[in-house]
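Subject: Structure for you to look at

Hello,

Here is the structure I promised to pass on. Please open it first, then read my notes below.

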Amino acid sequence: MENNLKSLRNNIDKIDDEILELFICRLRIVEDIYEYKKINGMNIYDPKRENEVLQKIDKNMSVNKYKSELESLFKSIMKISSSYQEKLLGAKKWPH
């Protein structure tokens, strides 16, 4: 039993490593989006884009038993991305 739990946890660790790598890649793109928004005088928060992402999840996962969890995950990811852009804003003194 303990061996099986260890194996399962090892699998989770591998997945966590992949998530970490992908999330760092995502944040690098968020930096590019921030620069684009800055140059074009756009707001950091884009409710239209957030709705598009959530609708895509809803459409693609409507029968998925993890739909609620996936929606929460993506809301959290988008909140972190906006917060990161706000952090960049503070560091770079981008006036609204």
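Start with R49 and E52, whose side chains meet in a salt bridge at 3.6 Å, N to O. A salt bridge here is a side-chain nitrogen of Lys or Arg within 4 Å of a carboxyl oxygen of Asp or Glu. R49 and E52 are three residues apart in helix 2 (residues 47–60), so about one helical turn separates them. Helices (H or I, at least four residues) are DSSP runs, numbered from the N terminus. R49 is partly exposed, at 49% relative accessibility. E52 is partly exposed too, at 37%. The cut-offs for relative accessible area are: buried under 20%, exposed over 50%, partly exposed in between (1.4 Å probe, protein chains only).

Before the rest, two notes on the source. This is a predicted model, in which local features need pLDDT of at least 70 and side-chain atom pairs count only at pLDDT 80 or more, while totals for chains, interfaces and linings use all residues. Residues are numbered from 1 along each chain as its sequence is written, and side-chain values use heavy atoms, with hydrogens and water left out.

Other salt bridges

The count by this rule is four salt bridges. Two more of them follow.

E35 and K38 pair through their side chains at 3.9 Å, N to O. Both sit in helix 1, three residues apart, about one turn of the helix. E35 is partly exposed at 27% relative accessibility. K38 is partly exposed at 32%.

E71 bridges to K75, with the closest N and O atoms 3.6 Å apart. These two are four residues apart in helix 3 (residues 67–92), so they too are separated by about one helical turn. E71 has a relative accessible area of 27% and is partly exposed. K75 is partly exposed at 40%.

Helix 1

How far apart are the end C-alpha atoms of helix 1? They are 55 Å apart. The 38 residues should span 56 Å at 1.5 Å a residue, which agrees. The expected span is 1.5 Å times one less than the number of residues.

Helix 1 covers residues 2–39 and includes D16. D16 is partly exposed, at 41% relative accessible area. D16 also belongs to a surface patch of negative charge, together with D13, D17, E18 and E21. Patch residues have over 30% relative accessible area and no salt bridge; like charges are joined within 9 Å, and nonpolar side chains (Val, Leu, Ile, Met, Phe, Trp, Tyr) within 5 Å. Asp and Glu count as negative, Lys and Arg as positive; His and the chain ends are left out.

Which residues of helix 1 are buried? L27, V30, Y34 and K37 are. After the helix comes G41, with a positive phi near 65°.

Helix 3

L88 lies in helix 3. L88 is buried, at 12% relative accessibility.

Is I80 buried or partly exposed? At 43% relative accessibility, I80 counts as partly exposed. I80 and Q55 are 25 residues apart along the chain, and their C-alpha atoms are separated by 19 Å.

Best wishes

Definitions and conventions. Accessible areas come from the Shrake-Rupley method with a 1.4 Å probe; for residues, only the protein chains shown count as cover. The place of a charge is taken as NZ of Lys, CZ of Arg, CG of Asp or CD of Glu.
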